[in-house]
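Student: Hi! Could you walk me through the ligand site in this one? I'd like to start with the contacts.

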Amino acid sequence: MIPITPAFPVTRLRRMRRTPALRALSRQNTLSVDDLIWPVFVMDGHDNETPVASMPGVMRRTVDRIASAAVEAQNLGIPAICIFPYTGMEARTTDCAMAWDPNNLTNQAIRAIKDAAPDIAVMTDIALDPYNINGHDGFVENGEIVNDRTVEALVKMALAQADAGADILGPSDMMDGRIGAIRMALEGAGHHNVTILSYAAKYASAFYGPFRDAVGASAALTGDKKTYQMDPGNTDEALRLVARDLAEGADMVMVKPGMPYLDICRQVKDTFGVPTYAYQVSGEYAMMQAAIQNGWLDGEKVMMESLLGFKRAGCDGILTYFAIEAAKFLQR
Ligand code: PBG
């Protein structure tokens, strides 16, 4: 592309910005409800919900309440909902067996959503952290987060979620080889149509703090996740991880966190041309909400501008805690 921009006054770039109509006509990127994936937190109990203190507006919901939330999302036209379980210390063990229990919170929620809102795509999280005694995404042996034994467990977790009816599996653990192992196991079990949205470029980020409160992991987690999640200084490695996960059978790839990593989104989209998503994570949501609640930022405007930024960076969709609010805004 050769931008031809004759000198002033032949070119006055402000001409096209003069009215809302001209701005609408020349706008390159827009946000639509089709771009939204809504992450939700499910907890034990019945007909109940509790707020997450560090994420204003976000609730943990019991399975029945998750089902009605999914109905609301479906009615708004949101294409996908992503389930994360809140687990207390009693659900956490060293063998993480609850992770592949057909009746764990996630699998109960998948079935309840499928019953109540059959048109919305149900996405899951695959990682051992909700059920691990030490809060890590993989098994810990002598202080090391071991890879291959963890992958075997992740495969069991994936199959249980597929059996429960999940449409999109989201391996968020960053172990090596897990996409290929999960894909082959799904094929072997007849789950040919279950899709994988790989958390391919997931950075070891401080922006996950409020999420770890929301799922009860903050108290459990010992140490950090730097031996499996990516170093924030790296770019090339993100492209290698995306290439690897695509080769192993991922249908879609994700960059996470979102706003501090929009350069990675753009490079992934330009390099591979595959369905590319970003996760606007809990810390991004929390910092905007904190400023909004102080009256320092206009809530609707920053929400929409932050989400549009992902589209401009090449994303096909965004996991965002703003999904319901953004969908309502778009409907008006
Ligand atoms: C855990 C997982 C995390 C998030 C999604 N899945 C946290 C972590 O890796 O510690 C973060 C989401 C958010 O911050 O909103 N496998």
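Student: What does the polar side-chain atom of Lys 225 lie 2.7 Å from?
Tutor: An oxygen atom of the ligand. Bear in mind that this is a predicted model.

Student: How much of the ligand's area does the protein bury?
Tutor: The protein buries 100% of the 400 Å² that the ligand exposes when taken alone.

Student: Which residues come nearest to the ligand?
Tutor: There are 18 residues around the ligand, and the nearest are Arg 212, Lys 225, Lys 256, Ser 282 and Tyr 321. The shell is made up of eight nonpolar, seven charged and three polar residues.

Student: Switching to cavities: how many of 30 Å³ or more are there?
Tutor: One. The volume of the largest cavity is about 140 Å³, and the ligand sits in that largest cavity.

Student: Which residues of its lining lie nearest the centre?
Tutor: Of the 18 lining residues, Asp 129, Lys 202, Tyr 208, Phe 211 and Lys 256 are nearest the centre of the largest cavity.

Student: And which elements give two or more residues to that lining?
Tutor: Strand β9 (195–202) and helix α6 (209–214) do. By class, the lining of the largest cavity has seven charged, eight nonpolar and three polar residues.

Key
Residues are numbered from 1 along each chain as its sequence is written. This is a predicted model: local features need pLDDT of at least 70, side-chain atom pairs count only at pLDDT 80 or more; totals for chains, interfaces and linings use all residues. Side-chain values use heavy atoms; hydrogens and water are left out. A residue is near a molecule or strand if one of its heavy atoms lies within 4 Å of it. A polar contact is a pair of N or O atoms within 3.5 Å; within protein, one must be able to donate a hydrogen and the other to accept it, and residues adjacent in sequence count only if both atoms are side-chain atoms. Accessible areas come from the Shrake-Rupley method with a 1.4 Å probe; for residues, only the protein chains shown count as cover. On a 1 Å grid over the protein atoms alone, a cavity is a set of points where a 1.4 Å probe fits but cannot get out, and a pocket is an open set with protein on both sides within 12 Å along at least five of seven lines; lining residues have an atom within 4 Å of a point. A molecule sits in a cavity or pocket if more than half of its atoms lie within 2 Å of its grid points. Ala, Val, Leu, Ile, Met, Phe, Trp, Tyr, Cys and Pro count as nonpolar, Asp, Glu, Lys and Arg as charged, and the others, Gly among them, as polar. Grid points are joined across faces, edges and corners, and a volume is the space filled by probe spheres set on the points. Helices (H or I, at least four residues) and strands (E, at least two) are DSSP runs, numbered from the N terminus.
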